[in-house]
Amino acid sequence: MAKVLLEMKNITKTFPGVKALDNVNLQVEEGEIHALVGENGAGKSTLMNVLSGIYPYGTYEGDIIYNGEICQFNKIKDSEEKGIVIIHQELALIPYLTIGENMFLGNERGKSAASIDWNETYGEADKYLKMVGLEESSRTLVKELGTGKQQLVEIAKALAKHAKLLILDEPTSSLNEQDSKALLDLIIRFKSEGMTSIIISHKLNEVSYVADKITVIRDGSTIETLDKATTEISEDRIIKGMVGREITDRFPKRHDVKIGDINLEVDNWTVYHPLYPERKVVDDVSLKVRKGEVVGIYGLMGAGRTELAMSIFGKSYGTGISGTLKLNGQVTELKTIKEAIKHKIAYVTEDRKGNGLVLTNPIKINTTLANLEEVSSKGIIDQDKEYQVAVEYKDKLRTKTPSVEQNVGNLSGGNQQKVLLAKWMFANPDILILDEPTRGIDVGAKYEIYCIINDLVAEGKSVIMISSELPEVLGMSDRIYVMNGGKFVGELEAEGATQETIMSYIVKTGRGE
Amino acid sequence: MKSVAKIFKEHTMQIVLVLVVIFFVITTNGSIWTPANFNALIAQNAYVYVLATGMMMCMLIKGNIDLSVGAVVCFVDAIGAQLMVNKGVSFPVAMLAMLAVGLLIGAFLGYLIAYVNVPPWIATLAGFLAFRGWGTAVLNGNTIGIGNAEYAGFTNLFNGFIPDVFGVEGFNATSIVIGIIACIILFITQLRDRSTKISKGYEADSMVSVLVRCSVVSAVIIIFTYMLAKNKGIPFVLVWVTVIVLIYNFITSKTTLGRYFYVTGGNMEATRLSGIDTRKVLFFAYLNMQFLTVIASWITMARLTAANPTAGTNYELDAISGCIVGGVSAYGGSGKVFGMIVGATLIGVINLGMSIMGIDANWQKIVKGLVLLAAVVFEILNNKDKNKA
C-alpha cells in the first residue's frame, strides 16, 4: 500500500448558524488522483479552504496530517510552503501582465523585492510552460490567451511553487471538450511523474476518466470513498452517492407534446465582432424552431453560439448584422432588446451572476425586472402584485428560499438559475433561448430545470437550448444543430443521434479559429 | 418582537443624531436649543438636502458622483444675477433662464457620461473647473448684490415665512397647526398601511412598533414646528425641501423609474439585457442632478442676496458627505431618501454645534472628515456582519 500523503481527520467547520462540515474524513495517498464530488453546497470548497489555510487553524475542529505531521496553517502561504497548491475555479490571473509576471506574482525572482531579475523570471517561466505543454512565450500578456491556456498557466504557476499536492477546483468548468481532455491528460501525466492531485468537479464523466479514488460529500459529511481498483465506478454509481438515491433517468420524459408550426425562422444570419468589425463571429447561419419543440444547439465554447443567440435577441451583441428573421412567417426586425421582449423572445444568459441577476436585490425585484410594466400602471409599481407574482413563480419552480424578500446573492446556483428562469417566464415569451441552462448546478437541480423546459414546450412555447454537454443536448432536444467556427455544420434529429455522430460533424470541419 | 439590538442596528444613524444633539445641548449649555438655531439649521442646510437628493440618484448607479454641482451653482447664479440686475429681466424669466442653462449643462454632461462613456468623475471634474471659471468671468470677478427691495419678489420665495393667520403675538400658530396636521397624516397613513398589509396576509410590523415609530417622528415634527413658531414660522425654503424630498422618496420607492436606478446600480448588464435602456437611466441621473442644482442655486442666491465667484464652493462635497453618512452605498445600488436626510442633518448639526462652541474652523474640518470616514467604515463592517450571518 502506498504512503498516505494527506489525511484530514474529523474536520468540523461551523459558520454562524450552519454546520458546513461535519466530521469529514479524507485520505489521499501519494501519487494518486483523488476526486471530490458532491452537489453544490455540499462542502467541497469549504474543505479545501480548510486544507489550504484560507480558514486558519483554530477556526475548525479536527486535524490535518500532511506527510506524517500535524499541520497548523494560518494562511495560504503556510500551506504553499509545504507544497499544497490550490487552483481556484475562478481564474486569478491578471490580464494585463505577462505570463511570467503572473507566474511569479508574490514569489518574484531576484535578489530582493526591489530588483526583480527578469531574465531569470522569464527563463524559469518558459521552463514551467514547457512542462504543461504551452508553446507561448512567457512574455505574452495573459489577456491574449484563451481560457484553456490560462488554465494551463495556472497549473504552471502551481508547479513553480514546487507543488507536491495539487488541488484543482472545477478546472474544466469553463473549458471546451478538447481543452478539458488535454488538461485531464496533463494531470494523468503528472501522476506518472509522482504528483498527487485532488480534483473537484461536477463533470462526472471526467471524474470517472481521471480519478483513482472518489470521495463523495453530501450535506457536509463524507458519504463514501470509491476505489477504482476495487469497485466498478460508473456515473450512475457516483450520482447515487451524491444525491442519496438512484436517479433512474437523468432526463425527464416529455409526454404528448404536439410540435406545431414554425415559430421562428432565421436565414443567412451573419454577425461581426463589435470591437473588431472585420471578424465574422456568426457566418451565414439559418435555423428554424417550431412551436412545442426543443432545439439544441451544440458547440464548443467560442463556436459563436452565445453571439448568435444575443444577436437574435434584439441585436444585443455584434455589429453589421445581416440576414432575415421571421416570426410566425412575418419578416420582423428586432432593433432593441425591448422590441425582442415585446415580440415574445427571451434570452436566458449563460452567465447568471454577471449578466442575468441583480445579486444584491431580492428575488421579487429580479422576478419582475424584464416585465415591470405588468406589475405597474402609469409608472407606479404595484408592490402587492409584484410580491404575489414572485411568490407564484417561487412556488411554481420550487425555488428553495425562506422568502421572496431574500437577496438572490444568498441563494445556491440552482436556485439562482430558477429565479433567472422565473424572470423570463414572467416576461411571457413564446420563444426561449436558454444558454447553458444547467451550467454549474448540481444533479438534482439540473433535473428540475429539465422538467421546467418540458413544461414550457407543453404549453406550446419553443425552446432553443444552447449547451456544450453532449448528454444533455441528446437527452433534451427534438432536433440538434451543431455549430463550429461560427457556422452550423450539421443538423440532425435527436432520435438516433449519438455523441459520436455529433462529434464527427465537428471533427470533419476542424476547429475553426 | 424585534430585539433591542436589532432596533439599534437598524436605526444607528438616527440614534447617533439624537446623541449628538444631546451632546451639543450639554456642551453649549443649551444655547444651541433656541428658535433661531432651529431656523438656522434649515436655512444653512437647505441646499445640502436638495443637492444630496440628486447626488443620491447618481450614486445609486455604481457610486457615480457629480463634482460639478458647486461650480454650476456659481455659474447659474452669475447668469441669473446678470439678467436680473444688469439686463433688467423680471425674476420669473431669470429663474426660467437659469433652469434652461442648468438643464443644458445636465444634458451635455449626461450625454458625455452615458453615450460617450467618459468616466463620470472626469466629465464632472471638467465641469467643476470650467463652470467656476466661467461663472467668475460672467461676474467679472465681482459680487452682484440682489439685496434691494426690487428683487424681494425673488428672495422672498425662499427667505420668506409662511404667514401667520391666527395673529398671536410672537408666536406663529400657523406653523404649529401645520405640524399637527402633518402628524395626523403620518399616523393615518402608517396605520392604514399596516391594516391593508394584515388584511392581505403580508408580514406587518406590530402595532406597538408602528405607534412608537409614528410617535417619535411626530415628536420631532412638533418640536421643530414649535421652535419655528417661536421664531418667525416655517420658512419657505423648508417647504421647497419638503416637497422635493417627498417627491423623490416617492420616485425611488414606488415607481418603475426609481427601480431602474437601483437595478442599474446593482447589475448594469443584467438590467440592459432585461430590456431597460441603462444609458438613458445614466443620462437622466445627470440631467436630474443639474435640475436640482438649479433649485439649489436659487436657494443659494436668495440666501446670500447676491451672486459671487465663491458661491457654491464645496457644495458637491457636502452633498456627497450627506449621502455617505446617510447610508447611500458608495458602491451603488442602495440608499434611501430619508436615510440621506438623517445623514445630511447630522452633518448640519455638527457644523452648527461646533460653530456655537467656537471651535476653530480647521478643527471643524478634521471632525467632519472623521465623521465621514467613520460612517463608511461602519457601513462596511455592518454589511460584513450581515453576510456572515
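Predicted model: local features only at pLDDT ≥ 70, side-chain atom pairs only at ≥ 80, totals over all residues.
Residues are numbered from 1 along each chain as its sequence is written, chains are lettered from A in the order in which they are written, and side-chain values use heavy atoms, with hydrogens and water left out.

Next, colour residues 118-131, which form helix 4 of chain A. Helices here are DSSP runs (H or I, at least four residues), and strands are E runs of at least two, numbered from the N terminus.

Now show T121(A), Y122(A), E124(A), A125(A), Y128(A) and L129(A), the buried residues of this helix; buried means under 20% relative accessible area. Look down the axis of helix 4 of chain A: these residues fall within an arc of 165° (taken from the directions from the axis to the C-beta atoms), so they line one face of the helix. What do they pack against? Bring up helix 3 (99-103), strand 8 (115-116) and helix 5 (147-160) of chain A to see their partners.

Then visit the two ends. At the N-terminal end, D117(A) is the cap, with a side-chain oxygen 3.1 Å from the backbone nitrogen of N119(A). After the helix comes G133(A), with a positive phi near 80°.

Technical notes
Expected span 1.5 Å × (residues − 1). Buried < 20%, exposed > 50% of the residue type's maximum accessible area, 1.4 Å probe, protein only. Contact = heavy atoms within 4.5 Å. Polar contact = N/O pair within 3.5 Å; in protein donor to acceptor, adjacent residues only side chain to side chain.
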